[in-house]
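Thanks for asking me to look this one over. Here are my notes, point by point, to read with the structure open beside you.

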Number of protein chains: 2
Amino acid sequence: MTSFHIAHTDAGSSARVGRLGLAHGEVATPAFMPVATYGSVKGLTPRDLRECGAEIVLANAYHLSLRPGAETVARLGGLHRFMGWDGPILTDSGGYQVFSLAPLARVREEGVEFRSHLDGSAHFLGPEDVVRVQEALGSDVAMVLDECPAGGAPEDVVRAATERSARWAARATAARARSDQAMFGIVQGGTNLALRAESARATVALGFDGYAVGGLSVGEPRDVTWAVAAATAPLLPADRPRYFMGTGTPEDLVRLVAAGFDLFDCVLPTRHARNGTLYTSGGPLVLRNARYAADGAPPDERCSCYTCGHFSRAYLRHLHMAREPLAVTLNTMHNVTYYERLMQDLRGAIAAGTLEALVDATAGEAEKEHACQA
Amino acid sequence: MTSFHIAHTDAGSSARVGRLGLAHGEVATPAFMPVATYGSVKGLTPRDLRECGAEIVLANAYHLSLRPGAETVARLGGLHRFMGWDGPILTDSGGYQVFSLAPLARVREEGVEFRSHLDGSAHFLGPEDVVRVQEALGSDVAMVLDECPAGGAPEDVVRAATERSARWAARATAARARSDQAMFGIVQGGTNLALRAESARATVALGFDGYAVGGLSVGEPRDVTWAVAAATAPLLPADRPRYFMGTGTPEDLVRLVAAGFDLFDCVLPTRHARNGTLYTSGGPLVLRNARYAADGAPPDERCSCYTCGHFSRAYLRHLHMAREPLAVTLNTMHNVTYYERLMQDLRGAIAAGTLEALVDATAGEAEKEHACQA
């Protein structure tokens, strides 16, 4: 079901431009997936999302399976129909969320026992359940369940989790029943390059439609993130899409594209929008700053989004300070457009052979934030 | 600047269909004004508002003068440009809000002394200040400052407030400096018909562009509201628009249109949207009700809004329960469309001579809510 055609590769880096074909359409890569954890990119309608340039979104199987329930979504015609988005959807398995949100999650070889963060009810998820949930949701791409140790966990813990993730990945492939859904494996191994290589070998041996790198951007320095990413990408098949999970800042994306990654997701643009921080070609714009109180300029003169076309910094600051719901919508439109345009610029630069200049231009950006898992 | 042309009058009631011409365009009357207290209809972009059928919106001079400040809005090109809405805007003076929100508001003959509900800072507003603020905002219609006694206030208090409001109205007309802004007077008098008649006489004598009825829907039974409205409308010039302030349910609007009113505003459709209650042709739909958890039908089969065209009750319930910001947008689109379509139906019924049937059809609707001042 999945096709992946590489149209251009960069001479000076591992970057490539391609088209990823999925059940609900094609995606130009490198691509950024806005995060729709609960089946909605916070504050945006599907038509807003399209206008922002998004071609694929990410939803979360863990969250949707707890509420409203995967069977409910299936009965209503699947996730695409449910959320009114007819383009590709990638569902994260929710492994990360189980380990980070659920109190007292207990890992056994069979899977994870945990209590819902919503109502405390007891749940069990094995790798097969996670496949079943995502097949019920009907996403274009399903992710395997993996064990995600906390950032900075001791090496033996990371090793055990990585090895268990590989065994779970094998069970996930065996459990597949839908031929119209792609499945991506996930390489774990923390910041240990040898462990990453082992994990890559074991995961690739299972033959997935695409390969993700997980367990990074969890607190380690960003140059470590980039180094591990750069070392891991070449261990993954060149003819399959590579997905770097849960990252990052614009600078991260530029670096990781140069390292050979094709897919990204991150809550930063949507979360920052809600907190009143806008990405602009001149750096981050923090709306609560009093200097914008009477500033009649749009957030970014070089942006073509609906927000920049119609509203001033002063108005957006006013909406943010007054906690008007429209602030979320307008700020999110802008930030998602910024990210999607960055990806478009990256694709153009790779095709034109000018990626190096773009990497240099974003190096050392003021933006300090790094980790951004939902 | 203001023109008002009546195209049809109803044979069996005092209803009329007209066109109100204002500085920023024409409005088909009877018209409903969605409430944009802080310069934004909560959750809707201006293009959403247009799509919902709105031709005029209401903003609040009191709120906008405290934040971001009328001078700031003026410096940024006026309220239309500030909020990105190029159609007509009516600004409420904010008298009601001063009396209901500001702690320790003290009325003197000169005006009202009060403390900001935002930061406790001391303010004074006289009728001239309120004109100045609204002229700075540049709304199409300005409302005079009036004194609004609480619902159920003793008759001598209501009388004193009504008489003071008339003196303030005279000062407001004398303070006008903009010829492109209409000004409406406000008839007070509580539920006392004699006092209403006195107030109408005094207000009409000042020669406003339109006339509002204020101080109703503040707790009195709804048949009393309707009776006072029906008795007051004929005391106002037939060739000027009549505005019934801060009301109401769909049934209220039908009754008040039949009584001869042309303009309405109410927070009900937008507030209910945020609370997850949708207006439908089959009655109110309360999204938190578990019966909608797997309901694949749109909110209202007979509605043509974006929400009903793309989403199920189950999805809207899910967004509401998960407190997703998109819930506010989609629910508000639907409820505002419902209100705007009701007005369209009323205009059609008056023109076709079938208003009586519409009045009968909405009589005794399940909806119990009545008062709805912001």
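1. A word on naming before the rest: helices here are DSSP runs of H or I with at least four residues, strands are runs of E with at least two, and both are numbered from the N terminus. By that numbering, R323(A) lies in the loop between α13 (313-321) and α14 (325-352) of chain A. Please keep in mind throughout that this is a predicted model.

2. R323(A) is not a glycine, yet its phi is positive, about 50 degrees. Most residues other than glycine have a negative phi. Is R323(A) buried or exposed? R323(A) counts as exposed, because it has 10 C-beta neighbours inside 10 Å, and the cut-off for exposed is 12 or fewer. In chain B, R323(B) also has a positive phi of about 50 degrees without being a glycine. R323(B) sits in the loop between α13 and α14 of chain B and is exposed, with 10 other C-beta atoms within 10 Å.

3. How are the chains arranged? Chain B is superposed on chain A by a rotation of 180 degrees with 0.0 Å of shift along its axis, at an RMSD of 0.0 Å. The two copies are thus related as by a two-fold rotation axis. Which residue of chain B comes closest to the rotation axis? That is P325(B), whose C-alpha is at 3.6 Å.

4. Now the interface, where 32 residues of chain B are in contact with 32 residues of chain A. On the side of chain B that touches chain A, at least two residues each come from α3 (70-75), α4 (79-83), α13 (313-321) and α14 (325-352) of chain B. The most is given by α13(B), with 5 residues. By type, this side of chain B divides into 17 nonpolar, 11 polar and 4 charged residues. The copies meet through the same surface, because 100% of the interface residues of chain B are also interface residues in chain A.

5. The largest nonpolar core has 226 residues, and those with the most contacts inside it include F261(A) and F261(B). Leaving aside residues up to four places away in sequence, F261(A) touches several residues, among them P30(A), A229(A), Y243(A) and L256(A).

6. That contact with P30(A) leads on to the backbone. T29(A) and P30(A) are joined by a cis peptide bond, with omega about -5 degrees, and P30(A) is in the loop between β3 (25-29) and β4 (31-33) of chain A. Another cis peptide bond runs from R67(A) to P68(A), with omega near 10 degrees; P68(A) belongs to the loop between α2 (61-66) and α3 (70-75) of chain A. Most peptide bonds are trans.

7. In chain B, 8 strands form an open parallel sheet in the order β4-β14-β13-β12-β11-β10-β6-β5, with β4 (31-33) and β5 (57-60) as its edge strands. Within chain B, β11 (182-187) and β12 (210-213) pair over 4 bridges, and V187(B) has V213(B) as its bridge partner. In chain A, 3 strands form an open antiparallel sheet in the order β7-β8-β9; there V107(A) has V112(A) as its bridge partner in β8(A).

8. Finally, helix α6 (127-137) of chain A is mostly covered, with 10 of its 11 residues buried. Next comes G138(A), which has a positive phi near 80 degrees.

Definitions and conventions. Residues numbered from 1 in each chain as written. Chains lettered and ligands numbered in written order. Predicted model: local features only at pLDDT ≥ 70, side-chain atom pairs only at ≥ 80, totals over all residues. Core = buried A, V, L, I, M, F, W, Y, C linked by C-beta atoms within 7 Å. Buried ≥ 20, exposed ≤ 12 C-beta atoms within 10 Å, placed from the backbone. Contact = placed C-beta atoms within 7 Å. Least-squares fit on C-alpha atoms with pLDDT ≥ 70 in both. Nonpolar A, V, L, I, M, F, W, Y, C, P; charged D, E, K, R; others polar. Pairing = 2+ DSSP bridges.
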